[in-house]
Amino acid sequence: MSVRVRFAPSPTGHLHIGGARTALFNWLFARGHGGKFILRIEDTDRQRSTKESIVDIIRALEWLGLKWDEGPYPQMERLDIYRGYAQRLLKEGKAYQCFCTPEELVERRKLATSRSEAPGYDRRCRNSTKAERREYISQGRKPAVRFSLPEGSILFADLVKGEIRFENSLLDDFVILKSDDIPTYNFSVVIDDALMGITHVIRGEDHLSNTPRQILLYRVLGFKVPQFAHLPMILGQDGAPLSKRHGAVTITQYRQLGYLPQALVNYSALLGWGTPDSQQVFSREELIDRFSLSRVGKTSAIFDIKKLNWINSYYIKESDPKEVLNLVIDCLKQRGLVPENVSPQKREWVAKVVKVVGDRMKYILQIVDYAGFLFQEDVIIDQNASKKFLTKGVAAFLCSVRDNLAKLEPFKADPIEESIRGDVEKFGIRPKEAMQAIRVALTGQTISPGLFDVIELLGRKKTLRRLDAALKRL
């Protein structure tokens, strides 16, 4: 059997980390079995689906390196196919027209709830007469199509969850074609998966409740039922479903922050899957070789930003310095900290900044956190840091530092360090207090890369201007 899997996102927003994990597991399964990875766009939600979301999803998958073999196939271009199968089920008596209005359905659900009854559809249109249907049509009602649910139960073996049984009595006669002739999710996905030859449906466990309905449709339509694998949910560390309150959640956001695609792929693979030896860092080839559904856990995966940052910092260190520099410059351009056309001299200077920041960066945009003051004309000084370190007791010391740096040659880190340490000894100030006073005056904060490297990167003119401003404050 040739393996065929699919990723079928709904384009109602950006691709998030959960969707990316689902796409990755499908991609790895296909590549590991020499199969095909198909991309389908489930865009039948006309009110919420957008072209912008489709573009974002495609760009995100391309950036992650999850290239598909077929597609993308938009469902809105396949409406005639779904309508044809709905008509077939109507003719075979396996589906029926439902003329109930949304308002009537809401009222009946409320009534059922008040009686402590199941709020599912009461099947009143299932046995309607031709005369009743003609009357509904004369009233201008447009029917939906409902599936005639058979009695019995559904038993299937999930490749992650194990054996699962659903009683048909817990379901209702669900809609397969809405009154506007647009198919519902459960109907269109079954037809598409069958016609596209999907052998394994690998998706999030939030779709588990859809599975019995879909299996019933596969059987009544005479399609072969694929194997199912439902992946565990991804939760935040507080145990709640992953959301915006846990930080960045979309692939676009991670890309803008300066996470590397290989790091996100590596980390996403570990969300619910692992190896017996608990390996943490994988090349793409290793993931393809070692991935298996048998190692996917049954319990929810916990998203740990610290672990993602650790993996991303590893890949930053292992990357070509030129590639890292390009990413840094792109981030700086987005925030207007460097011009669109960076000169060779400026590029060389930024490379020195990256080297000075060193291993501090967990993601590329952190270059702004650690060294943003280097790209600004004037520094914004933290008030608490100013009160603590820029006191009148260091005024004479800072004045001497300023005067000595004004005539220092060459203006390099080693001579700068020698000059400043000479002033520290001369004025008898504790080294920590002295260095922090200079650091706050030049960077506005109490934490920065190596102070003497910072001074060299700032250059003489900007260093003297900031020291003068600090002295004026005093």
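Reader: Hi! Which element gives the largest share of the lining of the largest pocket?

Author: Hello! That is α1, with six residues in the lining. Bear in mind that this is a predicted model.

Reader: Noted, thanks. What volume does the largest pocket have?

Author: Its volume is about 840 Å³. The lining is made up of 32 residues, and those closest to the centre are His16, Gly18, Gly19, Asp206 and His207.

Reader: And which elements give two or more residues to that lining?

Author: Those are β1 (4-7), α1 (17-32) and β9 (200-204).

Reader: How do the lining residues divide into nonpolar, polar and charged?

Author: There are 14 nonpolar residues, 12 polar ones and six charged ones in the lining of the largest pocket.

Reader: Great. Let's switch to helix packing. At what angle do α3 and α6 pack?

Author: Helix α3 (residues 79-91) packs against helix α6 (residues 185-195) at about 105 degrees, and their axes are 10 Å apart. An angle from 65 to 115 degrees counts as roughly perpendicular, so α3 and α6 are roughly perpendicular to each other.

Reader: Which residues meet there?

Author: From α3 you have Ile81, Tyr82, Tyr85, Ala86 and Leu89, and they meet Phe187, Ser188, Ile191, Asp192 and Leu195 of α6. By type, the contact of α3 with α6 has eight nonpolar residues, one polar and one charged.

Reader: Nice. What about α18 and α19, how do their axes cross?

Author: The axes of helix α18 (residues 431-443) and helix α19 (residues 451-473) cross at roughly 75 degrees and come within 8 Å.

Reader: Which residues in α18 and α19 meet?

Author: On the α18 side they are Met435, Ile438, Arg439, Ala441, Leu442 and Thr443. In α19 they meet Leu451, Phe452, Val454, Ile455, Leu458, Thr463, Arg466, Leu467 and Ala470. The contact of α18 with α19 divides into 11 nonpolar, two polar and two charged residues.

Reader: One last topic: Ser386. Where is it placed?

Author: Ser386 is in helix α15, which covers residues 383-389.

Reader: Is Ser386 buried or exposed there?

Author: Buried: its relative accessibility is 10%, and the cut-off for buried is under 20%.

Reader: And what does Ser386 touch?

Author: Leaving aside residues up to four places away in sequence, Ser386 touches Ile381, Val440 and Arg473.

Terms used
Residues numbered from 1 in each chain as written. Predicted model: local features only at pLDDT ≥ 70, side-chain atom pairs only at ≥ 80, totals over all residues. Heavy atoms only, no water. Axes fitted to C-alpha atoms, helices over the stretch in contact; angles between N-to-C directions. Helix = DSSP H or I, 4+ residues; strand = E, 2+ residues; numbered from the N terminus. Parallel < 35°, antiparallel > 145°, perpendicular 65-115°, else oblique. Contact = heavy atoms within 4.5 Å. Nonpolar A, V, L, I, M, F, W, Y, C, P; charged D, E, K, R; others polar. Buried < 20%, exposed > 50% of the residue type's maximum accessible area, 1.4 Å probe, protein only. 1 Å grid on protein atoms, 1.4 Å probe; cavity = no way out; pocket = protein on both sides within 12 Å on 5 of 7 lines; lining within 4 Å. Points joined across faces, edges and corners; volume = space filled by probe spheres on them.
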